[in-house]
Every structure is written in structure tokens, then in C-alpha cells.
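Hi,

Here is the structure I promised to pass on.

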Amino acid sequence: DHFQVDFLKNNFIDNREQVTILYQETYDKRIKNFCTKLGYSFIELPNKKEHKVNEDFSIICGKVPFYDSWAMVKGGNTNILNVNDCVLEDPSLVHNIKKYTEDVNIDILLTQFSYASFDDHENRTVNARKQLESIKLQDDVLSPKNIIPFASFIYFSHEENFYMNDSINTPEVAEKYFVENIKANSVWLKPNEEWKLGTEKDNKSSIEYWMKFYNSLDELPRIKPFTSINLEEVEEKYNAYISRIKNRNNNFLVSIYNLIFGKTINLYIYDIDNYVEINLLEGIRLLEEPTESYIKLHSESLAFIFDFDYGIDTFSVAARFDSE
């Protein structure tokens, strides 16, 4: 589901050459190059074309904008479709998946049942409902026999993003919607639980297991920020970030883009009590007085944005910020 660097570096040390990674074909080959340098075998999956692992097992990987993908795994007479993280609110995207799976019966559809990234309170409530409506769309178009809701058994566990839990779909809420709106059988599982395809599933004990956590969210642990970073160090990270952008792109086009779309963003870095103004190409400027509107965040989060190419995406998903 996610690219986990430490996992790939620290596991399969003694038998790495026996491990083959299957991943969507990409233009830049960055994931492939990273994995092969570590010693893994690597197969790129062409978009929406069946790849046979052996005579009885194959996989189809389909790209979904911008960089996510769905996967249909076919083993024997069983077909499993995983659409986690695919934004499928647009019916055309679901119908597009149908085109590549219409010659088979989908035995199991794996899909998330709640939101997983930042939005304000009003939109969180709407997006929670949209996520359930998206599953109904998947059910109507793809006609799976069974749906396993998964990938949403989480809570926003940082003290800076805990507010995001106020509108999440719980298993209890989702199952009520499924009973009223979905034709496929819903299959709820708890950790280490086994279910055999073709057998009936009583979801009661599994849902009760999860609801013990959802009903006691306020008592669950919350992560705190680790390290504060002073403004001088933040500026150094920003300069390195801009240098990477310029080295990898046409500087003239970057300047034109910044002229047309570039915005000045006001931030309040609360742990070091600094109000700053940031522009893509003009740098960071310390403000003497607070502005009327700003994004409030920890210096650790701002440093993360500058340190990693995927920093801004992860920052948005993690929702460790607030706005005034």
C-alpha cells in the first residue's frame, strides 16, 4: 500500500534475491532502481495488461490518477480486486476498471471505508459519506460477490491531527450503510481472523472487536512532536529543497510557473513561535507581527516537507496542521 524504505532495507537480508517485487510501470524508474540496488528482483507491470506469474496465477495493475493503482489478482477460479487508495468518486473511473475485469466474476472486492487525508470539518463529514457512496458505486458497476472493507481501521493518532477523528466512518456506521444499500456480502475481519471464500460470515464479533477501539478513541495514545528545529536550520532545508527543484527542472519554466501560480504562504511555526512568509522562489521571510490568516504547524512538519520529495503529499495526508 505504501513505499516503506526501512522495511525494504531491513528485511529479506538473507534471501533477497528470491524476492520479486511487482510494481506499476513508471517513467522515472525511481522505485525500480531503488529496489534493484538493494538486490531485489523487480518486475514492472504494464498498465492494465495481464501479467502471468505462472499458469494458474496472474495480476492486472491499472493506474489511477495521479500515482495510485488498482490490482486484480487471479488465482485458479478466484478473482480478487483491490482498489484501496483509488479515488473512485467519478463513475467513469469505475466503469474503466469494469472494462478490464468484465470477463471475470469478482469474488472479493477490497476497499477502504473512510477518509484518509486532511479536510476541514464540513468537508470531512461530506467525504465520509462520499466514501460509502463510492463503495455503492463499486458494488453497482463491478458486481462483486463479497466486499471486504479494510485499510481504514486507523485513528489519527498524533496530538496535532487527532481532531480528524470527528467524522470518520466506523465499522458500525459502514455496515449499517452496506445492509441498506449494497448487494454484495460484507465481510468484516479482525486481526488474524480467517474466512474461507464461499462460506457465510457472521460479522457481529468482528465489528464488536473494532468498536471497542472506536468507542474509546479519547483513551488511546497520542504521539507528540519529536524535535523542534530552529528557523536557521529550516531555511537551510528550504534552500536545499529549492536547489533540487532547480536542478531537476527548467529554471525558466519554474519561474514562469511561480509568476502565474506561485503564492505567498503565511505560516505560524508554533513550537518556535515564529510567523513567517514563504514564496517558492523568494525564500522565507520572518514576519514581525502575526497575519490575519496563516497555517499553524510544527517546525518538524515544515522540515519534513523540505527534506523529502513526497513531503508535501505526506504532510497533507498526515493533517498535522491547522489554519486560521
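Glu235 sits in helix H7, residues 231-248 (helices, H or I with at least four residues, and strands, E with at least two, are DSSP runs numbered from the N terminus). With a relative accessibility of 30%, Glu235 counts as partly exposed; buried means under 20% relative accessible area, exposed over 50%, and partly exposed is in between, using a 1.4 Å probe and protein chains only.

Before going further, a word on the model: it is predicted, so local features need pLDDT of at least 70 and side-chain atom pairs count only at pLDDT 80 or more, while totals for chains, interfaces and linings use all residues. Residues are numbered from 1 along each chain as its sequence is written, and side-chain values use heavy atoms, with hydrogens and water left out.

Now the salt bridges (a side-chain nitrogen of Lys or Arg within 4 Å of a carboxyl oxygen of Asp or Glu). The count comes to 19. One of them links Lys237 and Asp307, at 3.1 Å from N to O. Lys237 is in helix H7 and Asp307 in helix H9 (residues 299-307), so this pair ties together parts that are 70 residues apart in sequence. Asp307 is partly exposed, at 33% relative accessibility.

Lys136 and Asp140 make another, with their closest N and O atoms 2.9 Å apart. Both belong to helix H4 (residues 121-142) and are 4 residues apart, about one turn of the helix. Lys136 is partly exposed at 26% relative accessible area, and Asp140 is partly exposed too, at 37%. There is also a network of salt bridges linking Arg30, Arg244, Arg248 and Asp309.

On to the strands, which pair if DSSP finds at least two bridges between them. S4 (residues 57-64) and S5 (residues 68-75) run antiparallel over 8 bridges, with Gly62 partnered by Trp70 in S5. The hairpin that joins S4 to S5 goes through 3 residues. S5 also pairs with S6 in the antiparallel sense, over 5 bridges, and here Val73 stands opposite Ile80. That hairpin has 2 residues between its strands, and Gly76 in the turn has a positive phi of about 60°.

Two residues other than glycine have a positive phi as well. Asp85, near 75°, is in the loop between strand S6 (78-82) and helix H3 (91-101), and is partly exposed at 23% relative accessibility. Ala319, at about 60°, lies in the loop between helix H10 (311-318) and strand S14 (322-323); Ala319 is buried, with a relative accessible area of 0%.

Cheers
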